[in-house]
Every structure is written in structure tokens, then in C-alpha cells.
Amino acid sequence: MKTFAALRAIPTLLKIGFSEAVAYRAEMLVWVFATTMPLIMMMLWTTVAEASPVVGQGGKQWGSGAFVAYFLSVFIVRQLISAWAAWEINFEVRQGMLSMRLLRPMHPVLSFAMSNLAYMPMRAVVTLPVFAILLVTELSRMTAQWQVWLLWPLALIGGWLITFFANVAIGSLSFFIDSSIKIMDVWLAAFFVFSGYLFPLELFPEWLRIAAQWLPFRYQIGLPVELMTGQLTVEAALPLLARQYTWAGLMVVASLLLWRSGIKRFQAFGG
Amino acid sequence: MTRYLRLLGLQLRTSALLAAQYRFDFFVDAAISLFWTATAVVPLFVVYGEETRPGIPGWSFGEALVVTACFILLQGVLDGAINPGLQAVIDHIRKGTLDFVLLKPADAQFLVSTSRFMLWRVFSLVTSGIVFGIAFHQIGHGPSVLGVLTALVLFAVATLLLYSLWILIISAAFIVVKVDNLTYLFSSIFDAARWPSSVFRGAVKFFFTFVIPLAVMTTFPAEALLGRLAPMTLVSSIGGAFVFAAVARRIWLRSIGHYTSAGG
Amino acid sequence: MIRLSGLRKHYRVHKRPPGLKAALKSLFKREYEIVKAVDGIDFSISPGERVGFLGPNGAGKTTTLKMASGLLHPTSGEVTVDGHTPQKRENEFLKKIMLVMGQKQQLMWDLPPADTYELNRAIYDVPRADFTKRLKELTELLELGELVTKPTRQLSLGERMKCELAGALIHGPKVLFLDEPTIGLDVSMQVAMRDFIRRYNEEHGATLILTSHYMDDVAALCPRVIVIDKGALSFDGKLEDLVTQVRPEKRLTLRFSAPVSREQVAELGTIVKHEPAQAVLLVKQSAMNAAVAKALATLPVQDLNVENPPLEEVMSELFSRSRAAREVA
């Protein structure tokens, strides 16, 4: 009964969240423009590959075109899996605004999730031109298997779940320490290196590649991008998707536990 | 002048007090510094990872590492001295309390730009020192005295440029309503400075040399340390930076004039 | 409806002495002290009552309200609100209450209030028909009109507060905690808010606890007042009784048709002000009738006025007394 009421509220939450996204469209555009890293990496790698293609661990030859396809895909995926609840939670805890949220008969994490998700339609619109460029210039480098394209949304959802719940977990640390945002910086630093954001993981030395397999980051960016750019077959992708959703599940559990003990502390010390 | 120096001293003291209160931050900042150093260096290891990889044209691994070290150093300046002040101004604008700053009998630009420092970020001096060490070890010989002196001059130029860019962004903040994320935009563009500027071609190269002169900030000091900076480049960098700063100051004064408080 | 027994809230806070040296020292060793924000409070409130909650700054008013609304856990003691234990934060409980804080807002800054209302409708699971009816009623009572369709940031403080209040009532709470709801508002807006709050209480039978810096709010709204000080209850009863207790005297103003000497007036009570043609006196409540009779009989009285001392004065006297007591202790 309780969950049913919460589910019924979701469409309205998304609708209002979308109105908010529209009100903050200029701000969102700044965020999108700030995602320059994949484009800079694209320039770097195409310059490097100019003289001769870069050879990856698997023996694949990475020419300029392959890098363009890869990094434009990274840009698109980054837009679609992003979440920023850690900053919101930190801000509301420090300003004492979380009290207003706690007074409402709805799990605050759910309302954060909906307000983050409500930005997705606008973000998707922003990625459309990039998608168009990608399809016009590098169509031959994108996967031609329709089954892989079916898996792609699943991988995006999995990637978003990991991002969002990692945000909630780190945001919940604001209940305990003043500087949870700095923890977020550390998380982001690791994310940049191990997610495939700065370079295709295939170019990693062997031992770093193995480390990346076991960390959550590559399932945020790397997996969906590798699916798009035809580096993975369905057979190869399924076990990776399984790992991705395992990570997502772990993040959900960890973040909700942290959130709960954080709220207890908040109620003990006040906001 | 001495009054402003005294004010600066006071503001630094306040920041030191704040820094001491958040002791946990010291360790976190040190860890972050190391982490960011790693993220700055790891891509180089990937680019130059194997003998067969060509790397960045015109730059050996050690030379590219010198650019990275310059980048880490300037990032410390940016995060420690420039971004916190920017954040403070943005907070002021949002809360409508900038009026209080403008009412004070001292130069507003000076007051806002010295209002907050993150002193723990000096740790990036250490990490950049380490990277410099590794880089010159790779190259096989240290920089010349002249090279070091030129590089120091260029670092001062780079700081002036960063500061002027910062002033321009704040001026924009008076016009745009929601500006919370401008610091983020600023740092993310600055990220491009971790690579030698020869990576960029055409319009992008022009943009990073003249519009947002990232090349001047990291590539030129690195070239000075490597002893291959053309004297003409040094002179025009200094000249350009002063023009940039003067323009920024003009724009700042104009936007202060247009500023209407968010309160009421 | 609301019942507090032996309610306590103690905090352990880190002492941060001023100065760089001390700050550096606190890097390594921290000193703590216990702050007793609320230290044993008992009272109970029946359904439909309007209660004013008074106390000097830092007396523990907001802490108590936060405990009653489930935002804070008590250190010890108990609160129940309509049979619920607030700290469990059950949805059933949250749907029955609302806490309005004058200094914090729930309206979304860059969207019109109507959007926040719609959001609250969904979150509180209010049936559409009830929502429409209640919103219409609130719009009329608070004279919201076009305000609800303008972005919140474009509203004045008073307009925002009205919209805020409407948003807090959209789910028809049975218990309303109002923490400084009129802070920063101009006098006419304060009066409008007061009228609205009283009408809401009368029409819906909602229970209401109000804290305010403006004694007029309390005087106009709350037949019963509870005073807390230093985290403990120091008065619970009718407002008039509080006034009598703090200031047993009333104020007697006499205007004379012919000059009257100071000595003649002094027999009636304590002189506050004396001019040949006018005198202001403080007279014990019990002695007032006799004093008035005597004045009329013996003095050339042209005009006479008996009034209670202004509430603000009563309160500042009450609070300054408690401060003095604290300083002695």
C-alpha cells in the first residue's frame, strides 16, 4: 500500500522535475559544455594516432577514426548516466534544508532520484547532434548488431544506477563529515582513470586493465561505450552486464545503509 | 599599498584558522592531491605505454611529464587561491550579500579575490615537485638556471592570466542568474592544459593560445625549462598577459557598475 | 493530541576557542561540553487547541518543535502526537503534521508555487478532488490569486510566506507547528496571517503550536501559552495569568482638569510619570478598584484609563529576570 502510493507519485515527481530542468536549462547547458574532457582526449589521441595507429592489448589497431567514434560515444554516455545527488545532499544537509524533505511522507532518496532523472530528456536532446555527427562520420565503426543495441539501454540504466547510488552513498557521508564533497573528488579522480573516460581501457597495461574489470567505474562509461562502438559481442557483453548489475545492487544496498545511519545521526544532532 | 598587504595578511590568517578547524581536510586534500596527480600522469603512461606507441609528436615522455608537472602546480594555485574566492563571490551573489562587500571602503576586486584560500592545497607543490623530479630524471639532465628563471616568470604570468580569467568569469556572474557551476566549467576547461599545446590543431589551437591562453600557462613554462622557448614567445606572453589583465579589470569595473543586487 | 513527558535533548559540542593558536591546538585535542537544549519538559495539548510557545532565544523552542515533528530524536523522555511516536517518521504521522519554519522554505525557488503544490499533492497522496477544493479554499482565504503561477523568486517576502503556508496546508494537516511564521513580515501582513491561522484552526479543528518573536501574534492567536527557559518549562496557562504573574500591576493613566501635586498622586500607587495635568501610575491589580474610586473622589479627574502593561514589556521583563537568575547562578 505504502509503496503503491509512492509509485503513484512518481509521474508527478518526474513532471515537476522536468519543469525545473526547463527552468534551469541554461545552467544545464553550462554543465554539458563543461564535459570537455572526452573531446580533448579525442584531439590528443587523434594526434597521437596520426603517424601510425595505436595498437591495443587485444591487437586492435586504433586509428584516428576509431578514437573519434570512441570519444564521441563517451561524451553521449557521460551525459546520459550522470547524477549529482552527492552535491545536492551535501548542500541540503549543510544548509539544514534536508529537514523540509524529511517532513514529507516519501523516502528522500526517491525524490532525489526522480529530480535527477527528470533532467534526462533534456540531456538526451543535447546529445542528439553529437549522435548525428557520430552516425554521419563514423557509422562504419558503430556496432551493426541489433542485439547489441538492445543491450545498450540496459547498460545505460545499469551505469546510471551505479552513478546515482554512489552519489547517494558519498552524499550520505555529509551527515558524518564536513567534507564529503572532497571524497567525491577522490571518487571522480578514480572514475576518470578507470572508467574508460580518458582512454579506451584496451590501451591500458594488462595489470591496470584487470584492476578496471573489478572496479565499478568501467561499468559506468566503458561498458555502454564498448557496446556502441562494436567492441563487444552479445556473448561477451552478457557477463559484463551481470557484473554491472551486481555493482549496481551493491551500491544500492551500501548507499541505503549509509543513508539510514546518516539520518539517525541527523536526528540525534539536528540540522 | 601597505594597507592592502596588511589586509591580505589578515585574510590569509582567517583562511589558516579555517583550515586548522577542518583537520580532516588536510588528509583528504593530501590524498586528493596524490590522486589527481595520478590521474594527470596515468594518461601519459598509457600514451607512451609501449615502445611501439609514437606518443605526442615532438614530445618525449619525460618532456610531456614536465608539462604535466607544470599543470599540477598551476592546478594547485587554481584550487587553492582562485576557485575558493570565485565560489565566495558566487555565494555572495546568490544570497544578495555582495552589497556588504561593495560597501566596504577598499577595492572590491581585491576584497572578493582574497576572501577565501584553501591552504591545504599547497600540498600540490609537493606532488608537482615529485613529478618534476621524475621528469628530469627521465630526460637525463636538469634544467638550466636561465630556464628555471624564465619558467618562474612564466608561472607568474600564468597566475596573472588565471586571475584575469577569474575576474572575467565573475563579471559574467553578474549577468547570468545561476552561476553555481561556473567554477566547474572553469576547471574543466583548464584540464586541457595538462597536455602539450601541440596536441591541438587549427581553431582549437588558436582558442587555447589567444582566447583562453592555456598554452602560455603550462606548455611555455615547460619549454622554458627544457631550454627551447623562443625569446620572442616569452616577451609576447608577458605583454599579452598584461593586456589581458587590463581588459579584465576594465570589464570588471563596468560590470560592477551594472550590478543590481539579487535581494529584495 | 500532543503529549510530552520528561523530554530532554542534550548535545555534545566541540568547543572552538578563538585565535590561531587555539585552533591549531584543536587539531590534535578537542574539548567537548554538554549543552542541555531541552532539559525535561512536560505538557499535553488537546485537539484543536492553539498554544503559544514562548521563550528567549536559545531557550529550546525550535528543538522541542523539531522533536515533536520527528526531525530530532530526544535524548530521553517521550513525545507522542496523535498516538504516533514522531521519531519513527511513519508516513501516516507525516501526513498528519506540518512544520512551518519562517526562515526555511519548501517552495521551489525558480518554479511557480503551483508546481510545489502539485508535487506535494503527489507526495502526500492527496486525492485530486480534495486537492482542488482545498487549494481553492486556501487561494481565497490567503488571497493568493495570480501569485501561485509566478516563479517563487519573483514574489515578495510576504507573498512568499503566504504561498509557503498554503503549501504546508495542502495535505490538510491535523497538527501544525509554526516556528516564527511571521518573521520579517510587515504589520498588515502579520495581521492577515494571524487571521488566516485562526480561521484555519476554527474551521478545521487543527491543533496548533506557535512560536513567535511578536507578542501580538501570540496575544491574538493563543489562549494558552507555554513558556520555556533554559530548556525547562517555566509557565503553562492562560496568557492573562502569565501577565498577572510577571507584572501584578496594571497601568493607570489620569488626566486632570487642574494641576495636582506629586504627593497627592503618590498615595494611589507607584509613579511612572508625573506632570501637573497628567500622571501615569502602576497599581496592584487587587488595589485597582480602590485606587480608581479614591482618585475619582478626591482628585479633579477629567479622564482615566486602565490598561495592562504592553506584552512586549512583560516578556522582556520575564526573560531578563531569567537571564539575571542565570548570571547569579
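In chain A, helices α7(A) and α9(A) cross in a right-handed way. The model here is a predicted one. The two helices, α7 (residues 108-117) and α9 (residues 146-172), have axes that lie 11 Å apart and meet at an angle of about 130°. With that angle, α7(A) counts as oblique to α9(A). On the α7(A) side, the residues that do the touching are V109(A), F112(A), A113(A), N116(A) and L117(A), and their partners in α9(A) are W160(A), F164(A), F165(A) and V168(A). Sorted by class, this contact is made of 8 nonpolar residues and 1 polar residue, with no charged ones.

Zooming out, chain A has 13 helices and 2 strands. Its radius of gyration is 20 Å, close to the 18 Å that the globule rule gives for 271 residues, so chain A is as compact as a globular protein of that length. The C-alpha trace of chain A spans about 60 × 40 × 35 Å along its principal axes. Of the 271 residues in chain A, 59% are buried. As for contacts between residues at least 6 apart in the sequence of chain A, 79% link residues at least 24 apart.

Over in chain C, I228(C) sits in strand β8, which covers residues 224-229. Its relative accessibility is 0%, so I228(C) counts as buried, the cut-off being under 20%. Leaving aside residues up to four places away in sequence, I228(C) touches a set of residues including I41(C), F53(C), L54(C), P56(C), K61(C) and L233(C). Between the C-alpha atoms of I228(C) and I2(C), which are 226 residues apart along the chain, the separation is 17 Å.

Note on methods
Residues numbered from 1 in each chain as written. Chains lettered and ligands numbered in written order. Predicted model: local features only at pLDDT ≥ 70, side-chain atom pairs only at ≥ 80, totals over all residues. Heavy atoms only, no water. Helix = DSSP H or I, 4+ residues; strand = E, 2+ residues; numbered from the N terminus. Buried < 20%, exposed > 50% of the residue type's maximum accessible area, 1.4 Å probe, protein only. Contact = heavy atoms within 4.5 Å. Axes fitted to C-alpha atoms, helices over the stretch in contact; angles between N-to-C directions. Parallel < 35°, antiparallel > 145°, perpendicular 65-115°, else oblique. Left-handed = near helix turned anticlockwise from the far one by under 90°. Nonpolar A, V, L, I, M, F, W, Y, C, P; charged D, E, K, R; others polar. Rg over C-alpha atoms; globule rule 2.2 N^0.38 Å.
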